[in-house]
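Have the structure on your screen as you read along.

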Amino acid sequence: MYRLIVPSQTRSWPLWMMILIFFGVIAALGITIGLLVHFLAVGKMYYYQADFHISGVKYNDSCENTPSEASTNMSKDIETKMLNAFQNSSIYKEYVDSQIIKFLPHANGSKVQIQLTFKFPPGKKNRMITEIKDILYQMLMDNRASWNAVPTSLNFTEITKANFEMIVNNCCGRQLANSITTGNRIVNGEDAVKGAWPWQASMQWKGQHNCGASLISSRWLLSAAHCFVRKNNSKDWTVNFGIAVNKPYMTRKVQNIILHENYSRPGVHDDIALVQLAEEVSFTKFVRRICLPEANMKLSENDSVVVTGWGTLYLNGPHPVILQQAFLKIIDNKHCNAPYALSGLVTDTMLCAGYMSGEVDACQNDSGGPLAYPDSRNIWQLVGIVSWGEECGKKNKPGVYTRVTSYRDWITSKIGL
C-alpha cells in the first residue's frame, strides 16, 4: 500500500518581520563597510619620537631653558632640512610637523631628540613607519659631512598624544597657536589668539586685574617692581592664567614678592620684581613658561617684538576682557633719548620699543607684562618688562621696558634660573 503523500505547507513570514530583517542586514553591512572605510581611508593623528647622534660637538640644551646660539643654529638647520625632506617626499600629504626637542651630551658628541606628527589612515601605518624611517635615514646620510651625523644611530618610536603634549608643554617659549593676525594693537587693539601667549599672567589685587607678569618657571613669575610698592602684602594678590582676564584656565595664590633692592619711588630704575606662587603651576597647552634670555643676548634696532596685556585700550580708557597683543620694533636707546623724544631718561638697563610715530603702545595696567622676542625657530624669550612711558601711543614717546638681560645675574641670585 502506498502511503499518501501530503504536500508540505511553506511557512510564510509576516511582511513586517521581513522588512525588519532586511533593514537589519543593511545596517550591519553599513557598519561593516563604514569600519572598513575608516580603517583604510580616514586619517588619524600619530605621534613619534626619534633620536640620532652627531659626533664632534657636545651640546647640552634641553627645551626647558634658552638654547645656546650654536645649538639654535644647528636646530634650525636640522628642522629646515627635515621639513624639506618630508615636503618633497611621497608622503608629503601625511606630514604635519617636526621639531627639535633637545640636545643631550653623548659619547664623542651629542644626541639629538626630535618629535614628529603625521596624519594617515590606520591601514597605512606599517608602510608609513617604514617610509618615515627611510626619509630620516636618507636625510642623515645626506648630512654626514655638514652635521657629522651618524645615520646608523637612528632610533624611532611611536608615543602617545599625552606624552607628546607633556614633553612640549614642559618646553619654554613654545606657542600653542600662531600669533600673527592683522592690525592688532594694545591701544585700540584686537584680541590675542587663544594659546599664543601661554606665559602671560594677570596679577590680581583683591580680585581685580592690576598688572601683568610672565611665567618663567613652575613657581616663579617676573613682573615690575612699581606694581607692588604700595601693595606689597602677598595675601592680597592672586595670579590668573588664560586669555580672558576673569575667566582663567588656572588661578594661583601668591606666597612671596621680591622687589629689586635698588628700586624706590619716585623713579623707574631697577623696575623688576619676582613673584613666587604658593603652589606650582602644572604646564598645559594653555599655560607654559617663556624662556629667559642669556645675559649676553643683543637686540638690534628694528628687531620685531611683541607686548601683551589687559591694560587700557587708550589713556584712561576701558580695560579689555580678552588679552591684547601689539607687534612693535626695537628702537635704539640713542634715538629714544633724543631731545624731542625722552631726553636722556632711558638708561642702559632699559630698552625702548614701539614706533616714533606713536599709536601702537602698551598702556595703563600693562605694567609688568612681557615684551617677547622670537628667535629663528620661533621660540620666544622674555627681553623686556613693561615699565613706563609718557602717556600711551604718543608721537616720539615710545614705551620703555626693563631690559631683562641686565638682570640675569640678579634673577639667578634669587631663584637659581
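The paragraphs below visit the pockets, then the cavities, of this predicted model.

Let's begin with the largest pocket, which holds about 760 Å³ of space. Its lining is made of 28 residues, and those nearest the centre are Asp-97, Ser-98, Gln-99, Arg-174 and Gln-175. Strand E1 (44-55), helix H2 (69-87), strand E2 (95-106) and helix H5 (161-169) each give two or more residues to this lining. Sorted by class, the lining has 10 nonpolar, 9 polar and 9 charged residues.

Now move to the second largest pocket, with about 610 Å³ of space. Here 30 residues form the lining, and His-226, Gln-364, Asn-365, Ser-367 and Ser-387 are the closest to the centre. Strands E6 (208-215), E15 (380-388) and E16 (399-403) supply at least two lining residues each. By class, this pocket's lining has 15 nonpolar, 9 polar and 6 charged residues.

The largest cavity has about 100 Å³ of space, and among its 15 lining residues, Cys-63, Pro-67, Ile-101, Arg-174 and Arg-377 lie closest to the centre. H2 and E2 both give two or more residues to that lining, with E2 providing the largest share, 4 residues.

Finally, the second largest cavity holds about 50 Å³. Its lining includes Trp-197, Tyr-249 and Phe-286, and by class it has 6 nonpolar, 3 polar and no charged residues.

Methods
Residues numbered from 1 in each chain as written. Predicted model: local features only at pLDDT ≥ 70, side-chain atom pairs only at ≥ 80, totals over all residues. Heavy atoms only, no water. 1 Å grid on protein atoms, 1.4 Å probe; cavity = no way out; pocket = protein on both sides within 12 Å on 5 of 7 lines; lining within 4 Å. Points joined across faces, edges and corners; volume = space filled by probe spheres on them. Nonpolar A, V, L, I, M, F, W, Y, C, P; charged D, E, K, R; others polar.
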